[in-house]
Amino acid sequence: MAKEIERKFLVKGDDWKGDSQPIHTCQGYLNVGGDCTARVRIQGEKAFLTIKGKTKGISRSEFEYGIPVEDAKEMLVTLCRRPYIEKNRYKVMYAGMEWEVDQFMNENEGLLLAEVELESEDQQVELPPWAGEEVSHDFRYRNVNLIQHPYSEWKK
């Protein structure tokens with residue numbers, strides 16, 4: 001079974017950026033709630049259908065499949081809930097690990113999250129200086145929740 005184990009952090013400052021180039025991402029949700037979530041994502045020139053199970057700790061099952069971009073566009077327009085999640089994703093290396101930093105747009109403007117995928121829940125991670133408060137267990141910061149309760153509605 002495919003498994004996703006990740007930790008999420010708010011990002012402080014802009015030292016994380018370096019020379020990494022953004023990948024524009026647009027994603028929508030076909031199914032929310034119950035035992036799984038189904039998502040369509042266009043990331044750069046590629047598209048994916050992703051199904052995720054319920055989260056237990058910082059782990060959950062995840063199945064991701066490449067799909068034609070035209071199919072993803074059609075699904076976004078005709079099947080997905082609104083608003084979409086739009087963000088620029090940056091890949092940033094720190095201490096031998098790849099971090100993904102998401103800079104959100106539109107209804108979630110101002111939100112900057114970093115996540116790192118792990119091999120196991122107890123894997124030790126050296127945090128970069130720009131990693132702020134950990135929000136791995138705060139469900140408000142999950143993309144699926146940001147479509148229902150955008151950051152602009154509840155930010156501090």
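Which strand does F63 lie in? F63 lies in strand β5, residues 59-67. The close-ups below come from a predicted model, in which local features need pLDDT of at least 70, side-chain atom pairs count only at pLDDT 80 or more, and totals for chains, interfaces and linings use all residues. Residues are numbered from 1 along each chain as its sequence is written, and side-chain values use heavy atoms, with hydrogens and water left out.

**View 1. A nonpolar surface patch built by I51, F63 and Y65.** The patch covers about 250 Å². Patch residues have over 30% relative accessible area and no salt bridge; nonpolar side chains (Val, Leu, Ile, Met, Phe, Trp, Tyr) are joined within 5 Å, like charges within 9 Å. A salt bridge is a side-chain nitrogen of Lys or Arg within 4 Å of a carboxyl oxygen of Asp or Glu. Areas follow the Shrake-Rupley method with a 1.4 Å probe, and for residues only the protein chains shown count as cover. F63 has a relative accessible area of 31% and is partly exposed (buried is under 20%, exposed over 50%, partly exposed in between).

**View 2. The largest pocket, with a volume of about 690 Å³.** Of its 35 lining residues, E4, R39, K52, R60 and E62 are the closest to the centre. Strand β3 (residues 36-43) gives the most to this lining, with 5 residues. Strands are DSSP runs (E, at least two residues), numbered from the N terminus. The lining holds 18 charged, 10 polar and 7 nonpolar residues. Asp, Glu, Lys and Arg count as charged; Ala, Val, Leu, Ile, Met, Phe, Trp, Tyr, Cys and Pro as nonpolar; the others, Gly among them, as polar. On a 1 Å grid over the protein atoms alone, a pocket is an open set of points with protein on both sides within 12 Å along at least five of seven lines, whereas in a cavity a 1.4 Å probe fits but cannot get out; lining residues have an atom within 4 Å of a point. Points are joined across faces, edges and corners, and the volume is the space filled by probe spheres set on them.

**View 3. The largest cavity, with a volume of about 70 Å³.** The count is 1 cavity of 30 Å³ or more. Its lining includes E4, E6, K8, R60 and R142. β1 (3-11) and β5 each give two or more residues; β1 gives the most, with 3. The lining divides into 5 charged, 3 polar and 1 nonpolar.

**View 4. G57, in the loop between β4 (46-53) and β5.** G57 is partly exposed, at 42% relative accessibility. Its C-alpha atom is 27 Å from that of R81, 24 residues apart along the chain.

How values were computed
Helix = DSSP H or I, 4+ residues; strand = E, 2+ residues; numbered from the N terminus. Buried < 20%, exposed > 50% of the residue type's maximum accessible area, 1.4 Å probe, protein only.
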